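Please keep the model open beside this note. Check each point against it as you read.

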Amino acid sequence: MAYLVVTIKKILDQKKFDEYAEKVRPILQNYSGRWVAIEPEHLVKAGAWPYLRTVIVEFPSIKHAQQWYDSPEYGEIIPLRQQAIDANIVMVRSLSESR
């Protein structure tokens with residue numbers, strides 16, 4: 001497995017964010033991605049977590065995650081995401097996925 005971790009620093013435009021969320025769902029599904037966590041209320045136990053929301057998406061492999069991100073379908077809505085939110089996006093492999 002591999003995971004896409006999104007930390008949202010700021011919602012810039014709620015309407016565009018809602019539109020992005022609707023458009024990204026079927027694209028994720030086309031690349032075997034599924035949301036496993038969407039957390040707006042963090043329980044910080046140490047340090048600081050300066051994000052409004054954290055989203056974790058699971059993929060069968062890092063290859064699937066990369067194919068999703070680099071797909072023409074997702075490329076079309078990246079500008080919408082950029083207008084909607086200020087976020088960090090990172091892909092990580094699970095311990096069971098070899099390099």
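1. Ground rules. This is a predicted model, where local features need pLDDT of at least 70, side-chain atom pairs count only at pLDDT 80 or more, and totals for chains, interfaces and linings use all residues. Residues are numbered from 1 along each chain as its sequence is written, and side-chain values use heavy atoms, with hydrogens and water left out.

2. The sheet. Four strands form an open sheet, ordered E2-E3-E1-E4, with antiparallel pairing. (Strands, E, of at least two residues, and helices, H or I, of at least four, are DSSP runs numbered from the N terminus; two strands pair if DSSP finds at least two bridges between them.) E2 (34-39) and E4 are the edge strands, and each pairs on one side only. On average, neighbouring strands are turned by 15° against each other, direction ignored.

3. Inside the sheet. Strand E1 (residues 2-11) and strand E3 (residues 53-59) run antiparallel and are joined by 7 bridges. Ala 2 stands opposite Phe 59 in E3.

4. Helices on the sheet. Helix H2 (residues 62-70) packs on the sheet and touches E1, E3 and E4. Its direction makes about 150° with that of E4. H3 also packs on the sheet, touching E1 and E4, and its direction makes about 120° with that of E4. (Contact means heavy atoms within 4.5 Å; axes are lines fitted to C-alpha atoms, for helices over the stretch in contact, and angles run from 0 to 180 degrees between N-to-C directions.)

5. Helix against helix. How do H1 and H3 cross? The axes of H1 (residues 14-30) and H3 (residues 72-84) come within 9 Å and cross at roughly 155°. That makes H1 roughly antiparallel to H3 (over 145 degrees; under 35 is roughly parallel, 65 to 115 roughly perpendicular, the rest oblique). The contact includes Phe 17 and Tyr 20 of H1, and Ile 77 and Leu 80 of H3. Its residues divide into 8 nonpolar, 1 polar and 5 charged (Ala, Val, Leu, Ile, Met, Phe, Trp, Tyr, Cys and Pro are nonpolar; Asp, Glu, Lys and Arg are charged; the others, Gly among them, are polar).

6. Ser 32. Ser 32 is found in the loop between H1 and E2. Most residues other than glycine have a negative phi. Ser 32 is not a glycine, yet has a positive phi of about 65°. Ser 32 is partly exposed, at 41% relative accessible area (buried is under 20%, exposed over 50%, partly exposed in between, with a 1.4 Å probe and protein chains only).

7. Arg 93. Arg 93 lies in strand E4 (residues 85-93). Arg 93 is partly exposed, at 35%.
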